[in-house]
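Please open the structure in your viewer and keep the selection tool at hand. The stops below go from the whole chain to single residues.

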Amino acid sequence: MKLFDVYPLFDIEIVKGKGCTVWDTEGTEYLDLYGGHAVISVGHSHPKYVAAITDQVNKLGFYSNSVINSLQQVLADKLGKASGYDDYALFLINTGAEANENALKLASFHNRKRRVVSFRKSFHGRTSAAVRVTDNPSIIAPVNEGMPVTYLPLNDLSAVEEELKKGDVSSVIIEGILGVGGIQIPDDYFMQGLRELCTKYEVCLILDEIQSGYGRSGKFFAHQYAGIRPDIITVAKGIANGFPMGGVLISPMFKPSYGMLGTTFGGNHLACAAGMAVLDIMEEEKLVENAAKVGEYLINELHKLPGIKEIRGRGLMIGVEFEEPIKAVRNKLLFEEKVFTGVAGTHTIRLLPPLTLTMEEAKEAIKRIKKSLGV
């Protein structure tokens, strides 16, 4: 059997990781400034993380959600405390797409409406409803087209109100920081206005914090810069440092009922062990504060480099938009300077390193980026 060929691959196989460093099959060492799409939050192979998973799998790897799993409540308590949402409820699943899928469904159950407002250049996942609210027609299959969705420009409150006042919108979904869209940051005033409009028109506000959450922005959630509280928050990626896990944080205004939502693997014992370890490490090592500090240094230093049109970002979620296409620069970084980065479109490099990135590693990163630019 062959693998279904949907990923363009670099001819590199990573087999080992430690902190912000990874190694390939040839023993070549790389500085990881991408963390596997913002997934690696507490660093590769953190000893406390490894120990937590090892200890749990030695006891029990999985049992179903038809019996009590007290680890889920422990995780919920830790997440509520860390995020400031201890009055919300938590539903655990496996991926970010699933988180958004369930968030959209919850909103529609709540107000019995169908249409969704999303934003241009957004990305929310690849399952049915999640891909439909993603602004990329090339990945939306005909079978996904049934749900009515309106894509609006970012930071345009009047456009949002024009749609919401029609009375048929169930939810507005927005990323805390648009990731695939090029690290676009919604203005704080826009987020505040969005909250007000959703309240006014009885529309559910869903904050997709899958890439921008879990400390990456320098706050636990990126929307907290605007001082708002959404109705639903979706999380994944950094939640379990590579173990497949997602979650939905749900306002008390939503009332659960048996059978409303469900999952086989969501919130399993191993995932909970991983998720609890991540939150413990983040607290012990002050990784949210570290993301803010090291991210500020990187952004300041990147501003000094030539050929750059714009730097966008908060914390360790940074987009570097160049005047020219970045393929050659990214290849130099990877193959000559041994630095992993991501991209967003043809002109923007995305930096999403583990939140454990030290100031020394950040200085080394700037040094290698300069060399790749010939500076």
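How many helices and strands does the protein chain have? Colour the model, which is a predicted one, by secondary structure: the protein chain holds eleven helices and 15 strands.

**Whole chain**

Along the principal axes, the C-alpha atoms of the protein chain fill a box of roughly 55 × 55 × 45 Å. The radius of gyration is 20 Å, which agrees with the value near 21 Å that a compact globule of 375 residues would have.

Next, show the contacts. Among those with a separation of 6 or more, 73% are between residues 24 or more positions apart.

Of the 375 residues, 54% count as buried.

Now colour the charged side chains. There are 41 positive and 44 negative ones in the protein chain, and the centres of the two sets lie 1 Å apart.

**Gln211**

Select Gln211, in the loop that runs between strand E8 (204-208) and strand E9 (232-235). Is Gln211 buried or exposed? Gln211 has a relative accessibility of 10%, so it counts as buried, the cut-off being under 20%.

Show what surrounds this residue. Leaving out residues up to four places away in sequence, Gln211 touches Ala38, Gly179, Ile183, Arg216, Lys237, Met317, Arg350 and Leu352. With one of these, Arg350, the side chain of Gln211 makes a polar contact of 3.1 Å.

Phe221 is ten residues from Gln211 in sequence, and their C-alpha atoms are 9.8 Å apart in space.

**Ile183**

Move to Ile183, one of the residues that Gln211 touches. Where is Ile183 placed? Look in the loop between strand E7 (169-175) and helix H7 (188-200). Ile183 is buried because its relative accessible area is 0%. Check the backbone here as well: Ile183 is not a glycine, yet its phi is positive, at about 60°.

**Ser45**

For the last stop, select Ser45. What is the phi of Ser45 near? The angle is near 55°, a positive value in a residue other than glycine. Ser45 sits in the loop between helix H1 (35-38) and helix H2 (47-59). With 36% relative accessibility, Ser45 counts as partly exposed, whereas Ile183 is buried.

Terms used. Residues numbered from 1 in each chain as written. Predicted model: local features only at pLDDT ≥ 70, side-chain atom pairs only at ≥ 80, totals over all residues. Heavy atoms only, no water. Helix = DSSP H or I, 4+ residues; strand = E, 2+ residues; numbered from the N terminus. Rg over C-alpha atoms; globule rule 2.2 N^0.38 Å. Buried < 20%, exposed > 50% of the residue type's maximum accessible area, 1.4 Å probe, protein only. Contact = heavy atoms within 4.5 Å. Lys, Arg positive; Asp, Glu negative; His and termini not counted. Charge placed at Lys NZ, Arg CZ, Asp CG, Glu CD. Polar contact = N/O pair within 3.5 Å; in protein donor to acceptor, adjacent residues only side chain to side chain.
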